[in-house]
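Let's walk through this structure together, one question at a time. Keep the picture in view as you read.

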Amino acid sequence: MTVTDELRSRVREDLPEVEDISDSDLRDKVVEAWATSLAASSFGSISEIRPSGNPDTPPLKSGTQTDHIRGVTRLAVRIADELMEMFPDLKVDRDTLIAGGLCHDVGKPWEFDPERQVRWKEDPRAKGWPSIRHPGYGVYICLTVGLPEEVAHIAGGHSAEGEFVVRSLENTIVHQADVDFWRILEAGGLVEEK
């Protein structure tokens with residue numbers, strides 16, 4: 001597994017919202033998380049990952065996994081902005097929200113990797129299917145590259161696994177943006193039918 005500057009540059013190009021993070025160290029760690037996750041897979045970019053919530057759920061009819069990650073992040077920011085305008089006492093950490101939105105699916109290169117999918121499907125009782133879901137692997141990646149616990153919490157708790165923890169405010173917003181992304185596009189006919 002080699003993380004290259006080319007891979008880091010590709011992540012920055014794929015996720016321009018990373019520049020909205022005011023803390024430069026946090027920005028760099030978000031890029032490093034994605035570059036590390038991709039380097040440990042057979043994918044060369046985020047857009048190569050199947051554009052679906054899980055490997056076995058219907059994908060977008062058009063668009064990429066990059067569009068999903070960016071869409072969830074942008075929805076999360078807009079939800080927070082609207083509610084903070086209405087309720088000034090609501091305090092959302094914007095950098096954590098953006099970093100968490102961008103990293104909520106950072107574990108997908110592991111779970112969606114075609115080579116792993118073949119291996120797991122050969123004997124699911126021996127290895128699991130998947131062996132580790134993307135939220136769990138996402139926590140590993142986040143902590144490995146030194147992202148704050150708050151961002152790792154969003155990666156780990158944005159999906160069904162989050163039903164077993166108390167979600168932070170930022171995680172609650174990202175979770176809702178993630179659910180809404182899929183439900184709205186499905187209702188609009190932009191997701192392949194099951």
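The expected span of a helix is 1.5 Å times one less than its number of residues. Keep in mind that this is a predicted model.

Q: How far apart should the ends of helix 3 be, given its 22 residues?
A: Helix 3 covers residues 65-86. Counting 1.5 Å a residue, its 22 residues should span 32 Å. The end C-alpha atoms agree with this, because they are also placed apart by 32 Å.

Q: Which residue has a side-chain oxygen that reaches toward the backbone nitrogen of T66?
A: Look at the start of helix 3. There, a side-chain oxygen comes to within 3.2 Å of the backbone nitrogen of T66. The residue that provides this oxygen is T64.

Q: Is L90 buried, partly exposed or exposed?
A: You will find L90 in the loop between helix 3 and helix 4. Leaving out residues up to four places away in sequence, L90 touches L83, M84 and L169. Buried means under 20% relative accessible area and exposed means over 50%. L90 has 26% relative accessibility, so L90 counts as partly exposed.

Q: How many disulfides does the structure hold?
A: A disulfide needs two cysteine sulfur atoms within 2.5 Å. The structure holds zero disulfides. For C103, the nearest cysteine sulfur is that of C142, 4.8 Å away, and C103 is in no disulfide. C103 counts as buried because its relative accessibility is 0%, and the number of disulfides is zero.

Q: Which residue forms a salt bridge with E32?
A: Side chains of opposite charge can pair when their charged atoms come close. For E32 and its partner, the closest N and O atoms are 2.6 Å apart. The pair links distant parts of the chain, with E32 in helix 2 and the partner in helix 1, 24 residues apart. That partner is R8.

Q: How many residues apart in sequence are the parts that E17 and R70 tie together?
A: The side chains of E17 and R70 meet in a salt bridge, at 2.8 Å from N to O. E17 lies in the loop between helix 1 and helix 2, while R70 is in helix 3, so the pair ties together parts of the chain whose separation in sequence is 53 residues.

Q: Which residue forms a salt bridge with R133?
A: R133 sits in the loop between helix 7 and helix 8, and its partner is in the loop between helix 9 and helix 10. Their side chains meet at 2.6 Å, N to O. The partner is E161.

How values were computed: Residues are numbered from 1 along each chain as its sequence is written. This is a predicted model: local features need pLDDT of at least 70, side-chain atom pairs count only at pLDDT 80 or more; totals for chains, interfaces and linings use all residues. Side-chain values use heavy atoms; hydrogens and water are left out. Helices (H or I, at least four residues) and strands (E, at least two) are DSSP runs, numbered from the N terminus. Buried means under 20% relative accessible area, exposed over 50%, partly exposed in between (1.4 Å probe, protein chains only). Contact means heavy atoms within 4.5 Å. A polar contact is a pair of N or O atoms within 3.5 Å; within protein, one must be able to donate a hydrogen and the other to accept it, and residues adjacent in sequence count only if both atoms are side-chain atoms. A salt bridge is a side-chain nitrogen of Lys or Arg within 4 Å of a carboxyl oxygen of Asp or Glu.
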